[in-house]
Amino acid sequence: MAKVEVTSASSKLKQFGKGLKSEWNRIVWPSKNELGRQLAAVLIVSVITGLLIVLADFGSEKLINFLVNL
C-alpha cells in the first residue's frame, strides 16, 4: 500500500503565501511615463471605438427608417 502524505491546512496556506510572494516579486511595474503613454493610448482607442459605434448606430437607424418609409 502506498504511503499517503497528509498536509495540514496551515502548511498549504504557508506554501501558497511563499508562492504568492515569489510571483509578486517577479512583476515588472511600468514607469510613470510608460503608464501615462499606455493610458493615453487606451483612452484614444476607446473614444475612437465609441465614435465608430455611434456612427454605425446612427447610420443603421437612418437606413432602417428609409427602408420602412419606402
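Accessible areas come from the Shrake-Rupley method with a 1.4 Å probe. By this method, the accessible surface of the chain in this predicted model comes to about 7,000 Å². Carbon and sulfur atoms account for 69% of that surface.

The overall form may be considered next. The chain has two helices and zero strands. Its C-alpha atoms fill a box of roughly 80 × 45 × 20 Å along the principal axes. The radius of gyration of the chain is 27 Å, whereas a compact globule of 70 residues would have a value near 11 Å. Of the 70 residues, 0% count as buried.

Helix α1 comprises residues 9–26, and both Glu 23 and Arg 26 lie in this helix. Side chains of opposite charge can pair when their charged atoms come close. Glu 23 and Arg 26 form a salt bridge, with their closest N and O atoms 3.1 Å apart. The structure holds one salt bridge. The two residues are three positions apart, about one turn of the helix. Arg 26 counts as exposed because its relative accessibility is 60%, and exposed means over 50%. Glu 23, at 45%, counts as partly exposed.

Together with Ile 44, Ile 48 and Leu 55, Leu 52 forms a nonpolar patch on the surface, and the four residues have about 410 Å² of accessible area together.

Finally, the charges of the whole chain may be described. There are 9 positive and 5 negative side chains. The centres of these two sets lie 17 Å apart.

How values were computed:
Residues numbered from 1 in each chain as written. Heavy atoms only, no water. Salt bridge = Lys/Arg side-chain N within 4 Å of Asp/Glu carboxyl O. Helix = DSSP H or I, 4+ residues; strand = E, 2+ residues; numbered from the N terminus. Buried < 20%, exposed > 50% of the residue type's maximum accessible area, 1.4 Å probe, protein only. Patch = residues over 30% accessible without salt bridge, like charges linked within 9 Å, V, L, I, M, F, W, Y side chains within 5 Å. Rg over C-alpha atoms; globule rule 2.2 N^0.38 Å. Lys, Arg positive; Asp, Glu negative; His and termini not counted. Charge placed at Lys NZ, Arg CZ, Asp CG, Glu CD.
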